[in-house]
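The following exercises ask the reader to work through a structure step by step. Each task is followed by its solution.

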Amino acid sequence: MDALTSLLEGFGTALTPENLLYAFVGVLLGTAIGVLPGIGPAMTVALLLPLTRGLDVTSALIMFAGIYYGGMYGGSTTSILLNTPGESASVVTAIEGNKMARAGRAAQALATAAIGSFVAGTIATLLLALVAPSVADLAVEVSPADFFAIMVLAFIAVTSVLGSSRVRGLAALGLGLTIGLIGIDRTTGQQRLTFGIAELADGIDVVVVAVGLFAVGEALWTAAHLRRKPIDVIPVGNPRMSRSDFGRSWKPWLRGTAIGFPFGAIPAGGAEIPTFLSYVTEKRLSKHPEDFGKGAIEGVAGPEATNNASAAGGLVPMLTLGIPTTATAAVMLAAIQSYGIEPGPQLFDNEPELVWGLIASLFIGNTVLLALNLPLAPLWAKLLRIPRSYLYAGILFFSSLGAYAANANTFDLFLLLAIGALGFMMRRYGLPILPAIIGVILGPFAEEKLRQALQISNGELSGLVTPLSLVVYGIVVIIVLWPLLRRFVPRRAVPSVLEEAAHDIEEAHQHSGLTTAVSVERHVGDDTRRTPDPEEPGGR
Amino acid sequence: MSSAAPGGTREQGRSEYGVALFLGALGILVIAQALLLPESRIARGPVGPATIPIVVGGLLVVVSVFLALDVFRGGRGEPEGGEDVELTGSSDWRTVLMLAAAFVANALLIEPLGWPFSGAILFWGSAFALGSRHYVRDAVIALILSFGSWYLFAFGLDVILPVGILKGIL
């Protein structure tokens, strides 16, 4: 097995004491930052990006592998112990996880999440190691025209995620693409959208964009709506599981892995749909369906495993095609690019040490995660009690630090604030962040491929049409026209499963106060601004 | 996390149109800038440096029209929720402005004063804006963070952050 030999060599790279230390530090920092409320995995990676600047590429990526898994696990800890999920991928975990925690089973919920993440992460990373080289081999044959088509698909797919508003997704994509346009055009050297500002000529540093949209935007947005009442954190002891918990968890772990990996690996989607699917599957297959809604362990085990497996699956398109499917992967891609390395089909040939070192360190990160998180869970739970004033002050502090350190330029700080303001606006009006960040990162790459394709064809537009790209454009058309096509699909087909999931999710949102459906009816044109809401007796 | 379902806070009435307007204006700006690009002799074929900006600008304009239509039909963007977010009640602009002020103060002072002080001002000011009233404790934490991060970057990462007035001391 070729892949396995390379993987062993990768372990040789990753298992040096120094790199092992970086993996360890990565997991520790990733979990610690990720567990803080309001900080999702993407923000964790963005905030910690500057820390890896002083390292060589391989060590930096190994640290990132730790941060990646650590940040994700931290996120699910938060959603289990607090009553509201921080980011979309852990919405589903929060449904049953928080109910378990309230029923005094927080330790079991955290344990099944940790062990499930480990099992799923390990299997999925193994799949990644086996699949990625072949995908890369295939991808070498992929022409620039095909690449362009696949990127168009990625753009459309991230804007049309289940249950969200397409117009707003497209708006976010447009904003991201616009930011990506700023700077000198690589082919002709002309300045685009720089308005004569010298600092904009090289384009906006992706670190600044990512930190601005995720960290500054989030901090400002949360500050404007800060929950002033103390939030209730459920105390937790050492995570442990009984034999029956294991009995109920191991199948959901495996099923979650099977659902998550392929969903992560196709260049579209993200972690929302697979975690929904896993939840619904477990609800259907459970021997204790009556527990669902009251804290069923299957409902934590399945989605958590799915989440991790899809994260590992997401590395397949990222490493082999250079196409990220989640916000976290997008930020990781930016990190890799900042070292002058272009992820893509050639990566496995050009940088074998780096790639296999990274994959090996995913295994290591995963193991470290399990070893750390079982004993440290009570400590993480304490982190949730950090005063909010310090938390968000700290986010702004470290954002500024990271953005300034990237180029040692004050201009970047003002830019950071401007992009933070954009992030604020997007959060306020329900424009999703993911399409924007994908647009910023993939936009320039897509343009380059398009122009390459047209150069090859000597300017003939027919050069964009290949068998593969036709198939991909076909899928794009189906996604775009789905609202129309749906009318012709029998009602009780597949979507009913999704509808049920969506219904469950909505209910969970309502319980946690995420959805503001309460104020819907009184919305149009009335002026009840000052009328005290019956739901909040004292006002604020 | 957002859905097209009517929702949103009460404060969001007509300001949704503002978003559409912003997108439309941005789109027109992008297109105009692209059209003003000088002819390039290097570019070949139908896709030059201006093509993609025109497409992206066009996308923004089209989206702005559809967004306005959506708002007209009663669609509202759903504000993003989160662990610490409470969406009842209106935006607390005072906090946001104070945070922005602390942020700008750091940007203006980082070079003259140096990061150890400007960063501390940023942290202290943000904590104050967010309602912390432990002035001394906040200041101590702020200084520990800013000096600590200065040393971490200097010795751990070989990045020398501005020293400002502490030149020769740090």
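## Exercises on a two-chain model

Chain A has 19 helices and two strands; helices (H or I, at least four residues) and strands (E, at least two) are DSSP runs, numbered from the N terminus. This is a predicted model, in which local features need pLDDT of at least 70, side-chain atom pairs count only at pLDDT 80 or more, and totals for chains, interfaces and linings use all residues. Residues are numbered from 1 along each chain as its sequence is written, while chains are lettered from A and ligands numbered from 1 in the order in which they are written.

**Exercise 1. Determine where in chain A confidence is lowest and where it is highest.**

Solution. Step one: the quantity required is pLDDT, the predictor's confidence in each residue, from 0 to 100. Step two: the average for chain A is 81, and 86% of the residues score at least 70. Step three: the lowest confidence lies in helix α19 (residues 495-512) of chain A, with a mean of 55, and the highest in helix α16 (residues 410-428) of chain A, at 93. Step four: over residues 509-540 of chain A, pLDDT stays under 50. For chain B, the mean pLDDT is 84. The complex as a whole receives from the predictor an ipTM of 0.89 and a pTM of 0.82.

**Exercise 2. State which residues have the most contacts inside the largest nonpolar core.**

Solution. Step one: a residue is buried if 20 or more other C-beta atoms lie within 10 Å of its own, exposed if 12 or fewer, and partly exposed in between, with C-beta atoms placed from the backbone. Buried residues make up 61% of the 540 residues in chain A. Step two: a nonpolar core is a set of buried Ala, Val, Leu, Ile, Met, Phe, Trp, Tyr and Cys residues joined through C-beta atoms within 7 Å. Step three: the largest such core has 222 residues, and those with the most contacts inside it are A:Ala46, A:Ala210, A:Val211 and A:Ile437. Helix α5 (residues 91-140) of chain A gives the most to this core, with 24 residues. Step four: two residues are in contact if their C-beta atoms, placed from the backbone, lie within 7 Å. Leaving aside residues up to four places away in sequence, A:Ala210 touches A:Ala46, A:Val331, A:Ala334 and A:Ile437.

**Exercise 3. Explain why the buried residues of α1(A) line one face of the helix.**

Solution. Step one: the buried residues of α1(A) are A:Leu7, A:Gly10, A:Thr13 and A:Ala14. Step two: seen down the axis of α1(A), these residues fall within an arc of 105°, so they line one face; the arc is that of the directions from the helix axis to the C-beta atoms. An α-helix has 3.6 residues a turn, so residues three or four places apart point the same way. Step three: the face turned away from the buried side carries the exposed residues A:Leu4, A:Thr5 and A:Leu8.

**Exercise 4. Decide whether A:Phe195 and A:Ala408 are exposed or partly exposed.**

Solution. Step one: A:Phe195 is found in the loop between β2 (191-192) and α8 (206-224) of chain A. With 10 other C-beta atoms within 10 Å, A:Phe195 is exposed. Step two: A:Ala408 is found in the loop between α15 (388-407) and α16 of chain A. A:Ala408 has 13 C-beta neighbours inside 10 Å and counts as partly exposed.
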